[in-house]
Amino acid sequence: MKVFATRVIPEEGLKLLQRAGVIVTQWTELRDLTPEELIAHCKDHDALLYAGGRKIDRAFMEHCRHLKVISLLSVGYDNVDVKAATELGLPVTNTPGVLSSATADIAFLLMLAVSRKAFYHHKRIINDEWGFSTPTANLGIEIEGKTLGIWGLGNIGYVMAKRCRDAFGMKIIYCNRERNEAAEKELQAVQVSFEGLLQQSDVLSVHTSLTAETKEKFNKEAFDKMKPTAIFINAARGGIHNETDLIAALQQGRIWGAGLDVTNPEPMQPGNPLLDMPTVAVLPHIGSATVETRNAMSRIAAQNIIAAFEGKPLPNPVNH
Ligand code: DGY
């Protein structure tokens, strides 16, 4: 059996596949495959290990119906037209669970970085602007005891809430379709409406997936309801906030700051006004980028492929 990987994949997943006798071809060029190239490579392989690139759409799937599985090296699956995959009988899998800590760490890092304008101060030093200081200059805001609002209290949101509760005694509120009884019991979290989340959060951290329902949910209307002192954090998907509205809300002081590990589009272009704002911190979508987590993700992606080749139930299907 042969697998085509859209990127060079971490060692552990690669070894697992090779030990199972699978031949792995990895795309080593530092650019995305064109749709035609991807189809041409997949024609000759039995599974696709998708670790980044252009969206996997219906047109691709119609050419590659022979694939036994499209195994994603991610928990998010907004880059695949899952509806089309399901209709065409193509199994799609993801890598849930193992990236919760690493991704929550990035949300936590962004929260602190924004509250103390850390990226901005770093840039001042690089630009030889340390200069003269006064007691009223360079002030950030403190996190201790403030209210953290979580939008989407799944695995990652839970870890973020726990980190914030344990480290800073933050009050946790959350907005989620279902109640999260564990969070209510262990973190004294309180479920609120979306309106309530916007109005009460000092830090509002997004941890949902990107769907038609969540797309651009954070727009002018939402930012207008937030506190002028609020920090907005998005380590989920860039498409969940409207970037133009976010820029305007920050420029007009309708919210205080923003920490983004995800942007729309990605990569963010260098001239983006967000990059010049003292209370903004941007990272290039590195939520799950640790040695430990990427190895764990690659193991799961490999296990999904091996199960598909062996005709066994897939450990992590995302088709509905
Ligand atoms: C995920 O797994 O969805 C991360 O955001 C990496 O893409």
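1. Let's start with strands S1 and S3. In this predicted model, S1 covers residues 2-5 and S3 covers residues 47-50, and the two pair in the parallel sense over three bridges. If you want a spot to look at, find Val3, which stands opposite Ala47 in S3.

2. Now zoom out to the sheet around that pair. Five strands make up an open sheet with parallel pairing, and their order is S2-S1-S3-S4-S5. At the edges sit S2 (23-26) and S5 (92-93), each of which pairs on one side only. As a reminder, strands of a sheet pair through backbone hydrogen bonds, either parallel or antiparallel.

3. Have a look at helix H12 too. Its residues are 291-309, and H12 lies across S1, S3, S4 (69-72) and S5. Relative to S4, helix H12 runs at about 170°.

4. On the annotation side, the unreviewed UniProt entry lists residues 109-287 as "domain: D-isomer specific 2-hydroxyacid dehydrogenase NAD-binding". In the model, that stretch is 32% helix and 15% strand. The C-alpha atoms at the ends of residues 109-287 are 10 Å apart.

5. One residue I'd click on is Leu198, in helix H9 (residues 194-200). Is Leu198 buried or exposed? It counts as buried, because it has 22 C-beta neighbours inside 10 Å, and the cut-off for buried is 20 or more.

6. Who is around Leu198? Leaving out residues up to four places away in sequence, Leu198 touches Ala222, Lys225 and Met226. Gly149 is also worth a glance: 49 residues separate Gly149 from Leu198 in sequence, while their C-alpha atoms are 7.9 Å apart in space.

Notes:
Residues are numbered from 1 along each chain as its sequence is written. This is a predicted model: local features need pLDDT of at least 70, side-chain atom pairs count only at pLDDT 80 or more; totals for chains, interfaces and linings use all residues. Helices (H or I, at least four residues) and strands (E, at least two) are DSSP runs, numbered from the N terminus. A residue is buried if 20 or more other C-beta atoms lie within 10 Å of its own, exposed if 12 or fewer, and partly exposed in between; C-beta atoms are placed from the backbone. Two residues are in contact if their C-beta atoms, placed from the backbone, lie within 7 Å. UniProt positions are given in the numbering used here, feature names are shortened, and annotations may be inferred rather than shown by experiment. Two strands pair if DSSP finds at least two bridges between them. Axes are lines fitted to C-alpha atoms, for helices over the stretch in contact, and angles run from 0 to 180 degrees between N-to-C directions.
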